[in-house]
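Here are some notes to go with your first look at this one. Have the structure open while you read, and take the points in order.

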Amino acid sequence: MLPYDPMRAYRHKRDTAHQAFNTKYAMLGFISSGTYGRVYKAKTRDAEERIYAIKKFKPDKEGEVVTYTGISQSAIREIALNREISHENIVALREVVLEDKSIYMVFEYAEHDFLQIIHHFSTTVRAMVPPSLLKSCIHQLLNGLVYLHTCHIQHRDLKPANILINSDGVVKIGDLGLARLTYSPLQPLYSGDKVVVTIWYRAPELLLGARHYTKAIDCWAVGCVMAELISLRPIFKGEEAKLDHKKNVPFQKDQVVKIFEVLGTPSVHEWPGLPQFPEYLNMKALDNYPPKLTEWCTTRFRSKDATDLLRQLFMYNPENRATAPEAFNHKWFSEDIKPTRNAFHGLPPNHCPPLRKITQDEASLAHHVPASNNNNPAYNNPNSKPASWKPASGQNFGSAFGVNTAVTMQVPAGNNSGGSRKKPRLE
Ligand SMILES: Nc1ncnc2c1ncn2[C@@H]1O[C@H](COP(=O)(O)OP(=O)(O)OP(=O)(O)O)[C@@H](O)[C@H]1O
């Protein structure tokens with residue numbers, strides 16, 4: 001018998017895991033590039049042909065140098081939190097595959113997201129989102145958020161692109177890459193030289209420099225998402241001020257003004273803690289704006305209850321803002337049009353958003369670029385999105401995952417993982 005060789009044992013484990021991964025999944029195409037990684041559509045190679053979304057994390061990068069110091073903080077956080085949670089309105093993690101320089105997370109697939117719905121209604125349907133769809137989307141989003149907050153998890157990056165919806169019309173909160181446990185030590189919302197929370201959905205306490213923020217920041221973001229589903233454009237669409245050369249965090253004046261233009265300038269009466277914020281003096285230097293939320297609402301819809309819910313979610317003082325359970329139990333949801341489990345229920349076919357676009361360009365790009373090559377501009381561009389729709393040819397992009405898959409971790413059975421039970425409707 002050969003003496004034990006740790007390298008040979010490692011290579012054997014790596015190669016068998018890699019084979020197992022490739023025999024299990026066939027890549028169908030590239031979906032999107034985010035801040036932390038790239039997302040692909042894949043199907044299982046068994047008879048069930050279940051569809052999954054596979055997120056490939058970028059390796060850690062320090063300046064221009066790729067440092068393989070380990071797994072990125074975002075990946076660890078997303079994996080750790082996802083393994084602990086299970087809820088119908090949170091995207092389920094099926095398994096995690098570790099390759100020596102990359103991590104792949106296999107998620108249940110969601111055919112749509114709120115951004116796509118907004119885009120579909122503004123450009124194709126050219127009409128408002130019907131009340132039943134709006135209400136079901138917000139109700140399910142809040143249901144997922146109640147669960148996260150009950151588990152002491154702040155999402156911290158709720159925005160239309162991160163709120164998915166599957167072909168059965170069930171809302172799935174995704175992207176827990178920024179989520180954190182509320183009782184862990186507070187960190188600023190900046191990571192290295194990159195601002196990591198989307199500014200349009202950022203709560204006023206964060207914009208005023210708060211370091212001790214709470215779950216209320218997610219409720220503010222839900223208000224922004226609800227308003228965007230109503231008006232089909234971001235309600236507070238500010239220009240982000242960039243960090244200066246010393247990496248000082250600037251006052252986000254334009255974003256603050258965009259909020260004040262709708263909600264009016266906050267008063268110390270409604271928000272006694274206001275003068276303690278680091279940016280208070282900058283805020284005081286701005287003009288005084290009258291509140292216009294009622295006007296904003298009445299020019300768009302007639303429901304007093306919907307107006308009230310928005311008002312509760314847009315309370316300046318985070319202590320007075322509606323909590324996720326309060327918003328979930330708001331009377332708007334028991335008005336005549338009730339939310340449904342299938343948010344698309346009763347919609348005419350042309351109101352249903354189209355299938356998520358995938359491309360093969362990016363998948364084949366990844367196929368030719370070893371995981372270690374991080375100099376590829378498409379890889380580094382967080383804004384690179386699918387360019388054009390090309391039908392999936394069924395070609396095997398399994399090797400887009402590169403080589404050296406080392407370990408496959410099964411997510412505990414308690415997780416509600418499972419792919420879309422429907423076969424994908426291919427255009
Ligand atoms: N489970 C899924 N099913 C289908 N598409 C998905 C899924 N998860 C993510 N996507 C798509 O991939 C995009 C990027 O995913 P995700 O937000 O998780 O990555 P990210 O790197 O954190 O991106 P960002 O910086 O935009 O937040 C999403 O906006 C969505 O379009």
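1. With which handedness of crossing does α6 pass α10? The crossing is left-handed. Keep in mind that you're looking at a predicted model. Helix α10 covers residues 304–313, and α6 packs against α10 at an angle of about 145°, with their axes 8 Å apart.

2. From α6 come Cys219, Trp220, Val222, Gly223, Met226, Ala227 and Ile230, and α10 brings Ala306, Leu309, Leu310 and Leu313. Sorted by class, the contact of α6 with α10 has 10 nonpolar residues, one polar and no charged.

3. Next, look at α4, which spans residues 131–150, alongside α6, residues 216–231. Anything over 145 degrees counts as roughly antiparallel, so that is how α4 and α6 run relative to each other. Here α4 passes α6 in a right-handed crossing.

4. Who meets whom between these two? On the α4 side you'll find Leu134, Cys137, Ile138, Leu141, Leu142, Leu145 and His149, and they meet Asp218, Cys219, Val222, Val225, Met226, Leu229 and Ile230 of α6. The tally for the contact of α4 with α6 is 12 nonpolar residues, one polar and one charged. A few α6 residues turn up in the α10 contact too: Cys219, Val222, Met226 and Ile230 are each listed there as well as in the α4 contact.

5. Helix α3 (residues 114–125) also packs on α6: the two axes come within 9 Å and cross at roughly 25°. Since the angle is under 35 degrees, α3 is roughly parallel to α6. This crossing, in which α3 passes α6, is left-handed.

6. In that pairing, Phe114, Leu115, Ile117 and Ile118 of α3 meet Val225, Glu228 and Leu229 of α6. By class the contact of α3 with α6 splits into six nonpolar residues, no polar and one charged. Val225 and Leu229 are also listed in the contact with α4.

7. Finally, zoom out to the domains. The domain assignment gives domain 1 as 11–110 + 357–404 and domain 2 as 112–334.

Terms used. Residues numbered from 1 in each chain as written. Predicted model: local features only at pLDDT ≥ 70, side-chain atom pairs only at ≥ 80, totals over all residues. Heavy atoms only, no water. Axes fitted to C-alpha atoms, helices over the stretch in contact; angles between N-to-C directions. Helix = DSSP H or I, 4+ residues; strand = E, 2+ residues; numbered from the N terminus. Parallel < 35°, antiparallel > 145°, perpendicular 65-115°, else oblique. Left-handed = near helix turned anticlockwise from the far one by under 90°. Contact = heavy atoms within 4.5 Å. Nonpolar A, V, L, I, M, F, W, Y, C, P; charged D, E, K, R; others polar. Domains from an automatic or database assignment.
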